[in-house]
Amino acid sequence: MKKIISVFTAAAFTLMLGSCADKNALQTSAVPVRWLERPSVILDAGHGGADGGGVSVNGVPEKGINLNIAATTADLLMLMGYKVTLTRTEDVSIHDSGTEGLKAQKLSDMENRLELFNTPDSVCVSIHQNRFTDPKYSGAQMFYHRPNTEGQKLAEALKARITGYLQPDNQRETKPTDDELYLLCNCDNPTVMAECGFISNPEEAALLEQVPYQREMAFAIMAGINDFHIETGRISQKNAENK
Ligand SMILES: [Zn+2]
């Protein structure tokens, strides 16, 4: 975490320099501008609009929690120089205009999300909240498409940061899926569905509904995505340490 925090601080400092320093200071600055050329990340805030997703024990729909976490993760990644695309930035379905009927709208919405996920050379994370009939279950869990080995690495990187930073007792294993999850099985980019926790568990739901915890979750997801980029050579370890 220490390395990530120092990277994050350097990124923030770079941006501050860019907006505040005078021309001479910028010309002599030792901070390289290649910070702003990092790879593409696609973040999906699950559900939206008429599709609220799961509902927490407190009656809060999943869609808003997903959006808060995704939007904050996007802000943090962009601050570090990643090119980030969110599938949605407000409480909407992103179906094609003119599509009639909820079922057709859902299909169109998922097709449009998939099109964004298939942006070449991108890393993709779909953010959701889990629920189960038995309220005792808690903890984040990552899912990836079985043949997608890079997706598995991304899932492990996200899991390591979320458990290390927020959920030290979480023993859940990352789970391979077959063809049951549309976005995962139709995307060749490294792709993960991140279930951040169980909104059917009273203690975890209370956390996930709070903005401070959503921000901490976003920080962990950002760190996991950044780790994956370093571990797979998409950005170099040397570059990350120098910033
Ligand atoms: Zn969901």
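This is a predicted model: local features need pLDDT of at least 70, side-chain atom pairs count only at pLDDT 80 or more; totals for chains, interfaces and linings use all residues.
Strands here are DSSP runs of E with at least two residues, helices are runs of H or I with at least four, and both are numbered from the N terminus. Two strands count as paired if DSSP finds at least two bridges between them. Strand S3 (residues 122–130) runs parallel to S6, with six bridges joining the two. Strand S4 (residues 141–145) is antiparallel to S6 and is joined to it by three bridges; here Gln141 sits opposite Glu195. S6 itself (residues 191–198) has eight of its eight residues buried, so the rest of the structure largely encloses it. Buried means that 20 or more other C-beta atoms lie within 10 Å of a residue's own, exposed means 12 or fewer, and partly exposed is in between, with C-beta atoms placed from the backbone.

Now for some backbone angles. Most residues other than glycine have a negative phi. His47, in the loop between strand S1 (40–45) and helix H3 (62–79), has a positive phi near 65°. His47 is buried, with 25 other C-beta atoms within 10 Å. Asp121 also has a positive phi, near 55°, and is found in the loop between helix H4 (102–117) and S3. Asp121 is exposed, with 8 other C-beta atoms within 10 Å.

Note on methods
Residues are numbered from 1 along each chain as its sequence is written.
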